[in-house]
Amino acid sequence: MVTANNPVDVSVSSSHPPQEMRLQKYLAQAGVASRRVSEELIAAGRVQVNGKVIRQQGVKVNPANAVVHVDGERVIAREEHVYLLLNKPRGYLSAMSDDHGRPCVGDIVADRIRAGQRLFHVGRLDQDTEGLLLLTNDGELAHRLMHPSYEVPKTYLATVRGVMGQREARKLRQGIDLDDGPISADELQIIDKLDGKTLVRVVVHEGRNRIVRRMLAEIGFPVIELVRTQLGRVALGNQRSGSLRKLSSKEIASLYEAVQL
């Protein structure tokens with residue numbers, strides 16, 4: 001039986017293990033509810049820790065490895081980790097610095113870096129592509145999001161030269177061969193056609209270099225503009241170009257779920 005004197009989580013192997021905290025504080029830091037309301041959620045049996053329903057107040061958890069669900073949905077509270085969504089502007093390199101002085105992602109978060117915050121980008125967008133780029137110091141999450149075995153979908157809006165029809169769209173969904181191997185779009189939807197151009201929505205889970213541009217060019221539709229709008233269930237929305245925002249606890253949890261953490 002779990003008691004307040006018998007914490008749910010054991011500490012991780014580390015010279016400075018994270019300090020355990022009361023479950024209601026964990027829920028409050030995850031943005032679920034205030035501590036008082038979190039206590040009510042616990043008492044109602046709506047909170048699980050490591051697969052066990054917790055009803056007793058005062059139970060402590062380790063933020064580094066506790067798996068906490070509220071009403072079946074995982075919640076994450078890790079103060080030491082940072083999760084930022086950047087709307088990368090066109091013309092910026094996906095790099096934290098550049099020896100040639102070209103604008104890069106590091107310029108946008110320069111104040112954070114000078115303050116001692118360690119950040120790196122998850123994957124990359126080429127210089128002419130804009131949109132969603134995740135910045136974090138959570139190495140394990142970043143590694144898994146970039147690993148092809150987890151097949152985390154990435155959604156793009158592409159404006160291409162030429163009028164695309166359903167035959168070409170179907171060809172990309174079925175698969176084509178590129179120099180570095182076959183590729184297919186998980187989804188491809190024609191959104192609009194105007195003045196000899198086509199707006200398409202493309203979903204892929206591979207992260208090969210310039211993959212969306214290359215696959216569209218291969219079937220005769222070179223990309224004019226490309227924007228990444230979504231990573232997994234995390235969406236860019238109406239966030240303005242060049243701006244940063246913190247991911248919500250729900251968004252963070254969705255990424256953890258996508259890579260089985």
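Start by colouring domain 1 and domain 2: together they bury about 340 Å², and 53% of that is on carbon and sulfur atoms. Keep in mind that you're looking at a predicted model.

Now select Ala 30, Glu 73 and Arg 74. These three supply 88% of the area that domain 1 buries against domain 2, more than any other three residues. The contact takes five residues from domain 1 and four residues from domain 2. How many salt bridges are there between domain 1 and domain 2? The count is zero. Zero residue pairs in polar contact turn up across this interface either, counting pairs where both are at pLDDT 80 or more. Zoom out, and you'll find the C-alpha centres of the two domains 29 Å apart. For the whole layout, colour residues 21–75 as domain 1, 83–149 + 234–258 as domain 2 and 153–231 as domain 3.

Next stop: helix H2, residues 35–43. Show the side chains of Ser 38, Leu 41 and Ile 42, which are buried. They sit on the same side of H2, because they cover an arc of only 100° around the axis.

Last, jump to strand S9 (residues 130–136) and pick Thr 136. Is Thr 136 buried or exposed? It's buried, with a relative accessible area of 1%. A polar atom of the Thr 136 side chain lies 3.0 Å from the backbone nitrogen of Asp 138. Beyond its neighbours within four places in sequence, Thr 136 is in contact with residues including Val 82, Tyr 83, Phe 120 and Ala 142.

Terms used: Residues numbered from 1 in each chain as written. Predicted model: local features only at pLDDT ≥ 70, side-chain atom pairs only at ≥ 80, totals over all residues. Heavy atoms only, no water. Buried < 20%, exposed > 50% of the residue type's maximum accessible area, 1.4 Å probe, protein only. Helix = DSSP H or I, 4+ residues; strand = E, 2+ residues; numbered from the N terminus. Arc of directions from axis to C-beta. Polar contact = N/O pair within 3.5 Å; in protein donor to acceptor, adjacent residues only side chain to side chain. Contact = heavy atoms within 4.5 Å. Domains from an automatic or database assignment. Buried area = accessible area lost by both parts, 1.4 Å probe. Salt bridge = Lys/Arg side-chain N within 4 Å of Asp/Glu carboxyl O.
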